[in-house]
Amino acid sequence: MSNSTVAKRYALALFRLAKEHQLLDQMENEMRVVKNVVKNNGDLGVVLKSPKLTNEKKKEIIKQAFSGASVYVLNTLMILIDRHREDYMEAVADYFIEFANDERGIAEAKVYSTRPLTEAEQQALSATFAAKVGKQSLRIENIVDTNLLGGIKLRIGNRIFDGSLRGKLERLERQLLG
């Protein structure tokens, strides 16, 4: 069984618990915290993979790190440790967030622009591009990229909408050379 299939099963089980107990918003926020901590703290990953630490010690570390998390999120993390799948934590969080977004009709989008976007600009982008990907709205992460020269580049899942000046120049160059 592939790693993504395993992570998806844990995330789906947690997602069903969240819906059953009407805790979807709370648990999504907690899983975002888990994702950020695991992703941005390489030392935690090294400690959790260490064969010198017992599972009980690893569980104590996780309980301290995520002491504010709900019992369902903590139990999921404990099961991952028991089954020696500590390295799946970030993937489980990603899938959980994906399931929660699908439930609400939201898509995650990265918008690259030459300057920070205003709230009105973000709402306009969300309204325009959400329909193109079959969602109700977009959760936008704005990334400032001065290499674009102007315009924006939008990434939703594996789809890219390139309206940047750099992209237009590159397409024009390909046309002229091709």
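Helices here are DSSP runs of H or I with at least four residues, numbered from the N terminus. In this predicted model, helix H8 covers residues 165-177, and Leu165 is found in it. Leu165 counts as partly exposed because its relative accessibility is 41%, and partly exposed covers values between the 20% limit for buried and the 50% limit for exposed.

Leu165 belongs to a nonpolar patch on the surface, together with Leu149, Leu169, Leu172 and Leu176. The accessible area of these residues together is about 490 Å². Leu149 is found in the loop between S2 and S3. Although Leu149 is not a glycine, its phi is positive, at about 75°.

## The largest pocket

The volume of the largest pocket is about 770 Å³. Its lining consists of 25 residues, and those closest to the pocket centre are Lys35, Ile97, Asn101, Glu108 and Ala109. Two or more lining residues come from each of helix H2 (24-40), helix H6 (89-104), strand S1 (106-113), strand S2 (137-144) and strand S3 (152-156).

H6 gives the most to this lining, with six residues. By residue class, the lining of the largest pocket has 14 charged, seven nonpolar and four polar residues.

## Gln22 in the H1-H2 loop

Gln22 lies in the loop that runs between helix H1 (3-20) and H2. Its phi is positive, at about 50°, although Gln22 is not a glycine. Gln22 counts as exposed because its relative accessibility is 68%, and exposed means over 50%.

How values were computed. Residues are numbered from 1 along each chain as its sequence is written. This is a predicted model: local features need pLDDT of at least 70, side-chain atom pairs count only at pLDDT 80 or more; totals for chains, interfaces and linings use all residues. Side-chain values use heavy atoms; hydrogens and water are left out. Patches are made of residues with over 30% relative accessible area and no salt bridge: like charges are joined within 9 Å, nonpolar side chains (Val, Leu, Ile, Met, Phe, Trp, Tyr) within 5 Å. Accessible areas come from the Shrake-Rupley method with a 1.4 Å probe; for residues, only the protein chains shown count as cover. A salt bridge is a side-chain nitrogen of Lys or Arg within 4 Å of a carboxyl oxygen of Asp or Glu. Buried means under 20% relative accessible area, exposed over 50%, partly exposed in between (1.4 Å probe, protein chains only). On a 1 Å grid over the protein atoms alone, a cavity is a set of points where a 1.4 Å probe fits but cannot get out, and a pocket is an open set with protein on both sides within 12 Å along at least five of seven lines; lining residues have an atom within 4 Å of a point. Grid points are joined across faces, edges and corners, and a volume is the space filled by probe spheres set on the points. Ala, Val, Leu, Ile, Met, Phe, Trp, Tyr, Cys and Pro count as nonpolar, Asp, Glu, Lys and Arg as charged, and the others, Gly among them, as polar.
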